[in-house]
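Thanks for asking me to look over this model with you. Here are my notes, point by point, to read with the structure open beside them.

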Amino acid sequence: MTTRRKFLTTASIGSAAALAAPSVVKAQAPIKWRMQTYSGAPLGAHVIQPQIESFNKAANGEMEIELFYADQLVPTGEMFRAMQNGTIDAVQSDDATMASPVDIADFGGYFPFSSRYSLDLPVLFHRYGLNEIWQEAYDEVEGVEWLGAGAWDPLHVYTVDKPIRTMKDMAGLRVFGVPTAGRFMAQYGLIPVTVPFEDVEVALQTGELDGIAWSGFTEMYEIGWADVCKYALSNNITGAWCGSYFANSDSWAKVPPHLQELFKLSMDSSHYYRQHWYWGGEAQLRANGGKMEQTTIPQEEWEQVVNDAEKFWDQLAARSDRAARVVKIFREYKALMDTVGVPYRY
């Protein structure tokens, strides 16, 4: 009996000691990503930095994204390939600017007159089928995950010394801008020029560039280009830039489902922020910015540009069945908006 009592006592002490002893669990190293955006640091402070800071905080030590700005790791035109081969883990850009190898790439960025307002783009993606088309296209590309698209600012033309008051004034102007809109506007004599993002301001000052067709008013002021350009054309070529988030497939697969979901939620937060930041900024700066004189091409002359866009749409639609489906959606959406009128279209 004594022996049994001693055994039970010893066992109890041993069990208590085992329960009281602190468990030693080796902390798992956080997942590390390197992500590059199309934008320079001043603009990136709005279009992506708040999102990445929030994600890193919410990830609670499980994952950390290091953010790089335009051309810091690789040139912008090489971002897609660099992400595909794993040099960088994720990218924020439009399809065309980073030379995405899909047949719908030209619809990313600024596709002429495809939207009137920034809210048009998320509607087209979520309610009219562009989400499914973009997913289908990138499913055919090895090593890359398309994560979703959102809207940025409208596209205007800004010049250093020469005001644009008629379409003829565009002839011979060397302009920094995004690829698709640049090709469209080249028929009026604009000369698209590509330089590294950080070199744009100096190129404007030295005369290498005559102007910019890259953004709306908000970015011109935020980046500082409004300090160099004297004139802003009020006629906009499209209502919103279409940008997307992408990730290297292997990098994305290593992220657990709850953090994948968290990243997508942070994308939605960024999309929402940009909607009001740009919408409010465009109006405020056009009315009270004071740094650039606004000029306007007469409406009857500008209507011809709008009509010319229809031919440009046809050219891109002829590239593939998938491109034709995108153009068909744009046309259906435009017809609906024109039919319902105010407040959707004025």
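**Notes on pockets, cavities and helix packing**

1. The volume of the second largest pocket is about 400 Å³. It has 22 lining residues, and Thr76, Thr97, Phe176, Gly177 and Thr194 sit closest to its centre. Strands β6 (174–177) and β7 (191–193) each contribute at least two residues to this lining. By class, the lining splits into 13 nonpolar, five polar and four charged residues. Here Ala, Val, Leu, Ile, Met, Phe, Trp, Tyr, Cys and Pro count as nonpolar, Asp, Glu, Lys and Arg as charged, and the others, Gly among them, as polar.

2. A word on what you are looking at. This is a predicted model, in which local features need pLDDT of at least 70 and side-chain atom pairs count only at pLDDT 80 or more, while totals for chains, interfaces and linings use all residues. Residues are numbered from 1 along each chain as its sequence is written, and side-chain values use heavy atoms, with hydrogens and water left out.

3. On a 1 Å grid over the protein atoms alone, a cavity is a set of points where a 1.4 Å probe fits but cannot get out; a pocket is an open set with protein on both sides within 12 Å along at least five of seven lines; and lining residues have an atom within 4 Å of a point. Points are joined across faces, edges and corners, and a volume is the space filled by probe spheres set on the points. Helices (H or I, at least four residues) and strands (E, at least two) are DSSP runs, numbered from the N terminus.

4. Which residues are closest to the centre of the largest pocket? This pocket holds about 810 Å³ of space. Of its 35 lining residues, Ser115, Arg116, Asn236, Thr238 and Gly239 are the closest to the centre. The elements giving two or more residues to the lining are α11 (257–288), α12 and α13, and α12 gives the most, with seven. The lining as a whole has 15 nonpolar, 11 polar and nine charged residues.

5. The largest cavity has a volume of about 60 Å³ and is lined by Val175, Gly177, Val178, Ala181, Gly182, Met185, Leu190, Pro192 and Ala213. Both β6 and α7 (179–185) give two or more residues to it, with the largest share, three residues, coming from α7. Its lining has seven nonpolar, two polar and no charged residues.

6. The second largest cavity comes to about 40 Å³. Among the residues lining it are Phe107, Phe111, Leu121, Phe125, Leu130, Trp134 and Phe330. Helices α5 (120–127) and α6 each supply at least two lining residues. By class there are nine nonpolar, two polar and no charged residues.

7. How do α6 and α13 pack? Helix α6 (residues 130–139) and helix α13 (residues 321–340) meet at an angle of about 165°, their axes 11 Å apart. Axes are lines fitted to C-alpha atoms, for helices over the stretch in contact, and angles run from 0 to 180 degrees between N-to-C directions. The angle therefore makes α6 roughly antiparallel to α13 (under 35 degrees is roughly parallel, over 145 roughly antiparallel, 65 to 115 roughly perpendicular and the rest oblique). On the α6 side, Leu130, Ile133, Trp134, Glu136 and Ala137 make the contact, with Arg322, Arg325, Val326, Ile329 and Phe330 on the α13 side; contact means heavy atoms within 4.5 Å. These comprise seven nonpolar, no polar and three charged residues.

8. Helix α12 (residues 299–317) also packs against α13, at about 150° with axes 8 Å apart, so α12 is roughly antiparallel to α13. In this contact Glu310, Trp313, Asp314, Leu316 and Ala317 of α12 meet Ala323, Ala324, Val327, Phe330, Arg331 and Lys334 of α13. The classes here are seven nonpolar, no polar and four charged.

9. Finally, the axes of α5 and α13 come within 11 Å and cross at roughly 120°, which means α5 is oblique to α13. Asp120, Val123 and Leu124 of α5 touch Ile329, Phe330 and Tyr333 of α13. That contact has five nonpolar, no polar and one charged residues.
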